[in-house]
Amino acid sequence: MARLKIDRELCIGCGACVDACLYGALALVDGLAVVNDLCVACSACLDVCPVVALSLPAAQDASLSADTASGVWVWIETQHGGAAEVSWEMLGKGRELADARRVELVACVLGSRCQDLALSAGRRGADRVLLVDDPALAAFQTDVYARVLLTLVTAQRPEIMLFGATTRGRDLAGSLAADLRTGLTADCTELSIDPENGCLVQTRPAYGGNIMATIVTPTRRPQMATVRPRVFEPAPVQGDRVPTIERVAMPPVGELATEVLAFVPSRSDENLGQARVIVAGGKGVGSAEGFALLAELAALLGGAVGASRAAVDAGWVSYAHQVGQTGRTVRPELYIACGISGAIQHRAGMSTSRVIVAINSDPTAPIFDIAHFGVVGDLFQIVPALSAALRQQLGDQQ
Ligand SMILES: Cc1cc2nc3c(=O)[nH]c(=O)nc-3n(C[C@H](O)[C@H](O)[C@H](O)COP(=O)(O)OP(=O)(O)OC[C@H]3O[C@@H](n4cnc5c(N)ncnc54)[C@H](O)[C@@H]3O)c2cc1C
């Protein structure tokens with residue numbers, strides 16, 4: 001049922017609300033605005049009405065008040081039929097936040113034939129899984145997904161909503177936050193609950209990584225945040241847990257601006273995020289040929305090649321390899337930094353790696369401050385020597 005109220009005495013039939021509505025929920029009939037069941041109470045039309053003829057009952061305003069909102073929600077992103085690993089990381093952090101707030105943890109699973117994903121989300125600790133399973137959700141489309149989530153959020157009123165800071169997660173979270181007129185903090189590196197007021201405390205680097213900013217959304221709900229992959233530990237699987245799955249019918253989404261014609265995977269997608277070993281190079285590597293030495297070592301270790309921004313800017317490797325604040329966040333078992341000074345913006349993307357080995361000719365390079373093992377020397381001697389030793393070891397094993 002439509003929630004928007006239209007004062008027919010005030011309406012002048014200008015059509016501004018019809019143009020502003022993303023959902024096709026408003027039309028002009030006999031020179032006056034009328035609303036239909038596609039209305040999701042997003043309130044976009046309220047701002048454009050020149051005569052204040054439109055209103056939403058306070059309790060149904062999509063921008064929720066802090067008093068009525070409850071629960072921590074996590075959007076589970078589908079990737080190649082499974083979940084994006086970052087979604088499980090969000091569930092792990094979501095569990096902590098929900099426990100601190102003593103509220104339920106809810107996983108939102110949207111997709112087509114994704115019952116298994118919903119079961120997995122339940123086994124990863126969600127108290128409840130909201131499942132919208134519909135062929136219209138088979139391919140990710142920001143506008144469709146945002147409208148479905150908007151319907152769920154306005155109906156159930158969570159206080160916190162978390163997304164992985166993937167390309168899709170960033171897009172979806174931004175779109176939803178705009179519709180809800182609430183705050184969104186991107187690329188958080190830490191999330192906690194303020195014990196004084198129960199607000200979500202969102203920490204992220206600011207001013208080029210020179211300071212850590214603490215951001216709160218004191219009045220609007222939900223408090224929304226994105227977090228990059230590999231910042232938090234994934235929620236463990238609890239095999240004996242019986243998930244609670246709530247199926248929700250696909251809500252009407254109105255007219256859409258986009259249509260998915262085909263899916264063409266990107267060839268340049270280097271799977272840095274999943275690599276267990278990364279051999280990364282910086283300005284000290286000196287050339288694209290220098291990176292071939294690193295690629296050889298990475299291949300011997302079954303790993304991937306990473307890079308500092310300086311190396312990417314120099315054109316020696318593509319941006320897909322960049323690690324750091326404006327590149328990927330990685331958390332491999334082993335990170336070998338070759339000819340990288342260790343600027344704060346680079347460290348922001350790799351400092352949580354399990355073991356860091358730094359190879360640098362300058363003993364005062366800041367990378368040594370966070371390295372578990374440091375080698376002071378020329379990478380052009382050390383990297384080939386490492387590769388040769390590994391080749392010999394592998395040969396001996398065969
Ligand atoms: C807003 C903003 C965002 C940024 N985002 C990123 C980001 O995402 N990722 C990122 O990496 N940077 C980022 N930067 C850039 C960052 O500040 C540094 O400039 C960059 O990381 C430096 O790269 P580097 O360590 O390769 O180069 P340098 O700082 O020039 O260091 C090169 C190192 O190589 C060593 N070296 C030289 N020759 C040899 C040799 N033969 N053998 C061994 N060692 C050798 C040198 O001693 C030196 O320590 C960002 C900057 C800003 C302002």
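Is arginine 157 buried, exposed or partly exposed, and how many other C-beta atoms lie within 10 Å? The legends below take up this residue and several other sites in a predicted model.

**Figure 1. Arginine 157 in the loop between H5 and strand E11 (160–164).** Arginine 157 is partly exposed, because 18 other C-beta atoms lie within 10 Å, a count between the 12 or fewer of an exposed residue and the 20 or more of a buried one. The backbone of arginine 157 has a phi near 60°, which is a positive value in a residue other than glycine.

**Figure 2. Arginine 102, a further non-glycine residue with positive phi.** The phi angle of arginine 102 is about 55°. This arginine belongs to the loop that joins helix H3 (85–101) to strand E9 (105–111). Arginine 102 is exposed, since 8 other C-beta atoms are found within 10 Å and a residue with 12 or fewer counts as exposed.

**Figure 3. The crossing of helix H5 (residues 142–156) and helix H6 (residues 167–180).** The axes of H5 and H6 come within 9 Å and cross at roughly 50°. H5 passes H6 in a right-handed crossing. On the H5 side, the contact is formed by Thr142, Tyr145, Ala146, Leu149, Leu150 and Val153. H6 contributes Asp171, Leu172, Ser175, Leu176, Asp179 and Leu180. Sorted by class, the contact of H5 with H6 contains eight nonpolar, two polar and two charged residues.

**Figure 4. The shell of residues around the ligand.** The ligand is surrounded by 29 residues, of which Gly282, Gly284, Ser308, Gly324 and Ser341 are the closest. At least two residues of the shell come from each of helix H8 (309–313), helix H9 (344–347), strand E22 (355–360) and helix H11 (379–397). H8 supplies the largest share, three residues. By class, the shell comprises nine nonpolar, 16 polar and four charged residues.

**Figure 5. Leucine 38 and its contacts.** Leucine 38 is located in the loop between strand E3 (32–35) and helix H2 (44–48). With residues up to four places away in sequence left out, leucine 38 touches Tyr23, Gly24, Ala25, Pro252 and Gly254. Leucine 22 is 16 residues from leucine 38 in sequence, and their C-alpha atoms are 9.8 Å apart in space. Leucine 38 is partly exposed, because 18 other C-beta atoms lie within 10 Å.

**Figure 6. The cis peptide bond from arginine 221 to proline 222.** The omega angle of this bond is near 0°. Proline 222 occupies the loop between strand E16 (220–221) and strand E17 (223–227).

**Figure 7. The protein chain as the setting of the close-up views.** The protein chain contains eleven helices and 23 strands. Its C-alpha atoms fill a box of roughly 85 × 50 × 50 Å, taken along the principal axes. Of the 398 residues of the protein chain, 42% count as buried. Among contacts in the protein chain with a separation of 6 or more, 65% are between residues 24 or more positions apart.

Methods: Residues are numbered from 1 along each chain as its sequence is written. This is a predicted model: local features need pLDDT of at least 70, side-chain atom pairs count only at pLDDT 80 or more; totals for chains, interfaces and linings use all residues. Axes are lines fitted to C-alpha atoms, for helices over the stretch in contact, and angles run from 0 to 180 degrees between N-to-C directions. Helices (H or I, at least four residues) and strands (E, at least two) are DSSP runs, numbered from the N terminus. A crossing is left-handed if the near helix is turned anticlockwise from the far one by less than a right angle, and right-handed if clockwise. Two residues are in contact if their C-beta atoms, placed from the backbone, lie within 7 Å. Ala, Val, Leu, Ile, Met, Phe, Trp, Tyr, Cys and Pro count as nonpolar, Asp, Glu, Lys and Arg as charged, and the others, Gly among them, as polar. A residue is near a molecule or strand if its C-beta atom, placed from the backbone, lies within 6 Å of it.
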